[in-house]
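Colleague: Could you take me through the helix packing and the charged pairs in this model? Please give the cut-offs as you go.

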Amino acid sequence: MPIDLWEKYKDDMTEDILHRMRLTTSNPHLEIGVEIYNEALILIEDICLTMVNKMLTQLGMISPNRSMHVAFNQEVQRELNYDRDELKETVRSNIPKMNHNQKSAYDTIIKAVNDESGGIYFLDAPGGTGKTFLISLLLATVRSQNKIALALASSSIAATLLDGGRTAHSALKLPLNMQINENPTCNISKTCPMAIVLQQCKIIVWDECTMAHKKSLQALERTLQDLRDTRILFGGVLILLAGDFRQTLPVIPRSTAADEINACLKSSNLWRHVKTLP
């Protein structure tokens, strides 16, 4: 039966796909998972459709998940699908508009991205200081180099102000029971579409980070280290946090002011690694 042959030889059939994905993600330790098996089934079904015009289910096989395949490819393309010429023109025309502090922060971050030195930075940005302008220019610069820059925000309103922005909870699949989970991680497997983005991205910008629970940042670090198979801080990805601690801190249901302060990012053991930008 075809299904028996598939179960017996599926690991052999997916060797080339696994090799390609290891090269794509620069992760030589990537293992075969559901998504890679699915890619193999799609290739087999495409051949069957060409040769005999039949789906795998008509041949006694399991059907591949085409939507998973689309998501697998679209997630990376979403982060690379920018007009580089337009972005370069945006950068060229807006760099002269920056003030001294903005230019200093911009040069620091771009140098760190180009040097691939990683690290974690905090942009202390009260309202009206041009934070969104600076972040947008940083994102445009990195993306104009055909690199992945992930734009996150703690609230959906803040996310809409960033090109390609999305909420941290939806993008990182952060657990909802953050307070009671001692060592939370993002719900992202090594072979899922978002994992590919996190493995390839050069910078992660997290706006309104001051509203996030400190364990959110810790979950991101554990996940990046796991996905990139390294113990380096945040897996070597440059993290840019932005926000204002004078505004809203994490909201902890049925808690005291002390609980909220304990939940804020400055109470995290990762905060000692943070370099504050002017």
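**Helix contacts and salt bridges**

Modeller: Arg84, Leu87, Lys88, Thr90, Val91 and Asn94 of H5 are in contact with Phe133, Leu137, Ala140, Thr141, Arg143 and Ser144 of H7, contact meaning heavy atoms within 4.5 Å. By class, this contact has five nonpolar, four polar and three charged residues. Ala, Val, Leu, Ile, Met, Phe, Trp, Tyr, Cys and Pro count as nonpolar, Asp, Glu, Lys and Arg as charged, and the others, Gly among them, as polar. Helices (H or I, at least four residues) are DSSP runs numbered from the N terminus.

Colleague: What kind of model is this, and how are residues numbered?

Modeller: This is a predicted model, in which local features need pLDDT of at least 70 and side-chain atom pairs count only at pLDDT 80 or more, while totals for chains, interfaces and linings use all residues. Side-chain values use heavy atoms, with hydrogens and water left out, and residues are numbered from 1 along each chain as its sequence is written.

Colleague: At roughly what angle do the axes of H5 and H7 cross?

Modeller: Axes are lines fitted to C-alpha atoms, for helices over the stretch in contact, and angles run from 0 to 180 degrees between N-to-C directions. The axes of H5 (residues 84-94) and H7 (residues 131-144) come within 9 Å, crossing at roughly 135 degrees. That makes H5 oblique to H7, since angles under 35 degrees count as roughly parallel, over 145 as roughly antiparallel, 65 to 115 as roughly perpendicular and the rest as oblique. The angle asked for is roughly 135 degrees.

Colleague: Is H6 roughly parallel or roughly antiparallel to H7?

Modeller: The axes of H6 (residues 100-115) and H7 come within 11 Å and cross at roughly 30 degrees. The two helices are therefore roughly parallel.

Colleague: How many nonpolar residues does the contact of H6 with H7 have?

Modeller: From H6, Gln102, Ala105, Tyr106, Ile109, Ile110 and Val113 meet Phe133, Leu134, Leu137, Leu138, Thr141 and Val142 of H7. By class, there are two polar and no charged residues, and the number of nonpolar ones is 10.

Colleague: Which residue forms a salt bridge with Glu89?

Modeller: A salt bridge is a side-chain nitrogen of Lys or Arg within 4 Å of a carboxyl oxygen of Asp or Glu. Here the closest N and O atoms are 2.6 Å apart, and the two residues, three apart in H5, are separated by about one helical turn.

Colleague: How far apart are the closest N and O atoms of Asp107 and Lys103?

Modeller: Both residues lie in H6, four residues apart, about one turn of the helix. Asp107 is partly exposed at 36% relative accessibility, and Lys103 is partly exposed at 30%. Their salt bridge has its closest N and O atoms at 2.9 Å.

Colleague: Which residues are linked in a network of salt bridges?

Modeller: A search of the whole structure finds 11 salt bridges. The network links Arg78, Glu79 and Arg166.

Colleague: How many residues of H10 are buried?

Modeller: H10 (residues 193-200) is mostly covered. Pro193, Met194, Ala195, Ile196, Val197, Leu198 and Gln199 are buried.

Definitions and conventions:
Buried means under 20% relative accessible area, exposed over 50%, partly exposed in between (1.4 Å probe, protein chains only).
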